[in-house]
Amino acid sequence: MSEKPGAREVRREIYIEASPETIFALLTDATAMTKWQAEIVEADPVPGGVFRLAEPGGTQIEGRYVEIVPYSKVVYTWGGIAGVAPGQSTVEFLLEPQDNGTLVRLRHYNLPASSFDAHDREWVLLGLPKLKAVAEGHDPGGLCLGSRAR
């Protein structure tokens, strides 16, 4: 997927004391994804497969899986929230085994400049901490979409 002129990208990383296999499941398995992302999840982790997060009667994020490399890379398109059209931007997770856990590198690109700050903030305050909590066996304190709605 090519870079769009004027688009911005979020780049973040976080160390998680869990295996790449555990984190991969939290990014690709619909049941596991409901533990931290949203109440309603559709996930078909094959290129072109559906990626959808939703809350009853409210917020919805839609995209398609672009690339799946078991236990090391997950890429999907993303949109429908904070000024980003469905499928307009792309989220990439790289999972690198490190010590007794995994270094997770997030890249969220092709974001309109107007929605960059909101997405950066939500990855820092909601997305990555909730992924870490669930992967490490802790209560994430609510779902990403549910927390955003409040």
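Which residues have the most contacts inside the largest nonpolar core? Hold that for a moment. This is a predicted model, where local features need pLDDT of at least 70, side-chain atom pairs count only at pLDDT 80 or more, and totals for chains, interfaces and linings use all residues. Residues are numbered from 1 along each chain as its sequence is written, and side-chain values use heavy atoms, without hydrogens or water.

Now the core. A nonpolar core here is a set of buried Ala, Val, Leu, Ile, Met, Phe, Trp, Tyr and Cys residues joined through side-chain atoms within 4.5 Å. Buried means under 20% relative accessible area, exposed over 50%, partly exposed in between, with a 1.4 Å probe and protein chains only. The largest core has 37 residues, and Ile-23, Leu-53, Tyr-76, Trp-78, Phe-93 and Trp-123 have the most contacts inside it. Helix α3, residues 113-135, gives the most to this core: seven residues. Helices are DSSP runs of H or I, at least four residues; strands are runs of E, at least two; both are numbered from the N terminus.

Take Trp-123. Leaving aside neighbours within four places in sequence, its contacts (heavy atoms within 4.5 Å) include Tyr-76, Trp-78, Phe-93 and His-108.

Next, Thr-77. It sits in strand β5 and is buried, at 7% relative accessible area. A polar atom of its side chain lies 2.7 Å from the backbone nitrogen of Arg-64.

Last, the backbone. Tyr-71 is in the loop between β4 (60-69) and β5 (73-78), partly exposed at 42%. Asn-110 is in strand β7, residues 101-111, and buried at 2%.

Conventions
Polar contact = N/O pair within 3.5 Å; in protein donor to acceptor, adjacent residues only side chain to side chain.
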